[in-house]
Amino acid sequence: MNIRIEPSNLSGGICVPPSKSLLHRGLFCAALAGDLSLCKLPSSLSDDIRTTFACLHKFLANDADFFCSESGTTLRLLIPVAAAHFCHARFSGAGRLPQRPLAEYRDAFANHGVTCSFPSDGFLPLRLSGRLTSGVFHLPGHISSQYISGILLALPLLDGDSEIILTSPLESAPYVEMTCDVMRFFNIEVDGLRVRGRQRYAATKPYVAEPDFSQAAFWQLAQFLGHAIMLRNLPAHTSQGDAVFATLLNGPREIDVSQIPDLVPALAAAAAITYGDTHLVNAGRLRLKESDRIASTCDMLRAFGVEVSFTDASITICGKPNRTLNACTIDAHRDHRIVMAAAMLATRASGSVTIFGSDAVAKSYPSFFEHYTQAGGIAHELHLGT
């Protein structure tokens, strides 16, 4: 789907949907407790949560052939959980998922009873053979925190106690703490990266995920752009690292995004209307997201007329508080966060902005454009030839 957006003023209250990251973890813990209904789901499901639900439904039916679509979180959490449960499992995916690295699991599992087989070295499709055993797991922390979260979820299922030792500094650390928080809700004892074996997942009531600060950031960006938006349901306290977005808007002009990679498109959009240069650094992992998110973020800003440069691991945005944003066409590269950042900047453009691939929002926030138009945004779906 493509969409055309006209300049507009947004106003009113927004209820942010439940955290996608927490819903993934809640569903995994519910499945390991034997009942997916132990994680409360919203009425409108994102594509990634649908994928996790479908894979875990197969898991509970003892079917170990998993299609993870385009969801990296589903895949990386599921691999070690399946390795702890099945003697053989197969994983496949779509979109950019087969290009996202997995070789670290092969190394981590090497001394723990599981063999990983890749037709293309370190990439999907993947076959596992053997069953995971307990002990010490060595993992890099700088590639994806999802490796650590996936193994943490699996460790209570093993026969002995286990520990994860990081071989490089942990990036996106808040996501690991979120995993631990949800495991504790399901009665699992976690001590840092040490987990006792032979524990049982259990819950006396359904897990309810709190609102998603990653999605709230786009509405906070709208506020920064001058729109009268009120966020109605954000909690005062959270383990979500992306809750820092609002504090960064008027903060330092060099921002280390290693712990908050999902905020980069919204931060870059805000930087475009901030005085002076903003440097987003330690962003190298963004090249392995739904798009090469360093390149796609820069492409978006340039289309609006913003001066921007980048390296393999950083973005520099030349900000001007009163700049005129171009009417333009944006290729979102099938990246949900590029679509949402572009939609907010489009409200302050000099004319119409067309976004190709706007339906990518279904990956994380399927009701985004419904909320956008309810708040006064002007967005029209374009059909082929329009």
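Ser 358 lies in the loop between strand S17 (353-356) and helix H12 (368-374). The model is a predicted one. Ser 358 is buried, and its relative accessible area is 0%. Beyond its neighbours within four places in sequence, Ser 358 is in contact with Met 1, Asn 2, Ile 3, Val 339 and Phe 369.

Ring pairs link Phe 369 with Trp 219, Tyr 365, Phe 368 and Tyr 372. The structure has 13 aromatic pairs by the rule used. In one of them, the ring centres of Phe 369 and Tyr 372 are 5.8 Å apart. Their planes stand at 75 degrees, so this pair is edge-to-face.

Phe 369 and Tyr 372 are three residues apart in helix H12, about one helical turn. Both residues are buried.

## A four-stranded sheet

Four strands form an open sheet in the order S3-S4-S6-S5, with mixed pairing. Strands S3 (65-67) and S5 (115-117) stand at the edges. Each has a single partner strand, so one side of each lacks a neighbour in the sheet. On average, neighbouring strands are turned by 20 degrees against each other, direction ignored.

Strand S4 (residues 88-92) and strand S6 (residues 126-129) run antiparallel, joined by four bridges. Here Ala 89 stands opposite Leu 128 in S6. Helix H3 (residues 72-85) packs on the sheet and touches S3, S4 and S6. The direction of H3 makes about 170 degrees with that of S4.

## A charge over a ring

Arg 76 places its charged end over the ring of Tyr 147, 5.3 Å from the ring centre.

Technical notes
Residues are numbered from 1 along each chain as its sequence is written. This is a predicted model: local features need pLDDT of at least 70, side-chain atom pairs count only at pLDDT 80 or more; totals for chains, interfaces and linings use all residues. Side-chain values use heavy atoms; hydrogens and water are left out. Helices (H or I, at least four residues) and strands (E, at least two) are DSSP runs, numbered from the N terminus. Buried means under 20% relative accessible area, exposed over 50%, partly exposed in between (1.4 Å probe, protein chains only). Contact means heavy atoms within 4.5 Å. Two strands pair if DSSP finds at least two bridges between them. Axes are lines fitted to C-alpha atoms, for helices over the stretch in contact, and angles run from 0 to 180 degrees between N-to-C directions. Rings of Phe, Tyr and Trp (its six-membered ring) pair if their centres lie within 6.5 Å; planes under 30 degrees apart count as stacked, over 60 as edge-to-face and the rest as tilted. A charge sits over a ring if NZ of Lys or CZ of Arg is within 6 Å of the ring centre and within 35 degrees of the ring normal.
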